[in-house]
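Please take some time with the sequence and the model shown here, and keep both in view while you read.

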Amino acid sequence: MRELALFYHANLKSEAGKDALEYVTKRKISNVINTFGLGYALNEYDSAYQYLLSKGYSLREMLDAGIVRNRDGKVYDFFRDRVMFPIQNVYGDIIAFGGRIFKEGEPKYLNSGETAIFNKRKNLYALNLVRKKRDLKNIILTEGYVDVVGLRAVGVDNAVASLGTALTEDQIRLLKKYTSNIFICYDGDRAGIHASLRAIDMIQKEGLRPLVMVMPDGMDPDDVAKTFGREKFLV
């Protein structure tokens, strides 16, 4: 997984990744490319598969990691033509990937399926970075990794995200190891408000202190931070 993350990262900085890099720049997150190891999955049928084969990895290993698919004897990459977000566990090991499309198409987000090393219910995006922060008094909980990346790009460095799933008890217990104050920072739309109310109950049941950051006009945290800046976001 680490080898593949390095491959994706190099792609983003190559000529083939110029459109993906332009998207990252427009999203105003280019200053944290290295922090998160952002990358680009080439718009090719099996480039990742061929690259990992050249590094000595077997098809079985790649299938088990969920990074290729095998259909009727034809092997192809699971992620293609997407900006890539390596997902790390609390110790910094890369256990999965998230990919965001930056052109027309669906789905907007494509995440690794569950594997022997990745359980989305038991991990939080960027907790490996946040837990290293000195004097960590609270953690901001967001819905997606793009929010976390966008917040850190403007200097908010205590945000984490659930991984394509509603908040789970396992994730709250993971947060409990590092702080008792959780700022719920979900999207400002109806779905985000509903999810916030659910999260409040769950967090309280674990004996933690939930506080809600309400995003204005249905905006998401990433947009609010970039529009108003770090200081106003944190007020």
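In this predicted model, D157 counts as partly exposed, because its relative accessibility is 28%, a value that lies between the 20% under which a residue is called buried and the 50% over which a residue is called exposed. The side chain of D157 meets that of K133 in a salt bridge, with 3.1 Å from N to O. K133 is likewise partly exposed, since its relative accessible area is 32%. To place the two partners along the chain, look for K133 in the loop between α6 (127-130) and β7, and for D157 in the loop between α7 and β8 (159-161); the pair therefore ties together parts that lie 24 residues apart in sequence.

The structure holds 10 salt bridges, and another of them joins the side chains of R27 and D222, at 2.6 Å from N to O. This pair links distant parts of the chain, for R27 sits in the loop between α2 (18-26) and α3 (33-36), whereas D222 belongs to helix α10, 195 residues away. D222 is buried, because its relative accessible area is 1%, which is under the 20% limit. D222 also forms a salt bridge with K226, where the closest N and O atoms are 2.8 Å apart. K226 and D222 are both found in helix α10, four residues apart, or about one turn of the helix. An α-helix has 3.6 residues a turn, so residues three or four places apart point the same way. Through the partners that these salt bridges share, R27, D222 and K226 are joined into one network.

What surrounds D77, once its neighbours within four places in sequence are left aside? D77 is in contact with E44, Y45, D46, S47, A48, Y49, I67 and V68. Although D77 and S47 are 30 residues apart in sequence, their C-alpha atoms are 7.2 Å apart in space.

Finally, consider the nonpolar interior. In soluble globular proteins, nonpolar side chains tend to be buried together. In this model the largest nonpolar core has 58 residues, and those with the most contacts inside it are Y8, F36, F97, Y125 and F233. Helix α7 contributes the largest share of this core, six residues. A second, separate core has 20 residues, among them V90, L174, L175 and I203.

Conventions
Residues numbered from 1 in each chain as written. Predicted model: local features only at pLDDT ≥ 70, side-chain atom pairs only at ≥ 80, totals over all residues. Heavy atoms only, no water. Contact = heavy atoms within 4.5 Å. Salt bridge = Lys/Arg side-chain N within 4 Å of Asp/Glu carboxyl O. Helix = DSSP H or I, 4+ residues; strand = E, 2+ residues; numbered from the N terminus. Buried < 20%, exposed > 50% of the residue type's maximum accessible area, 1.4 Å probe, protein only. Core = buried A, V, L, I, M, F, W, Y, C linked by side-chain atoms within 4.5 Å.
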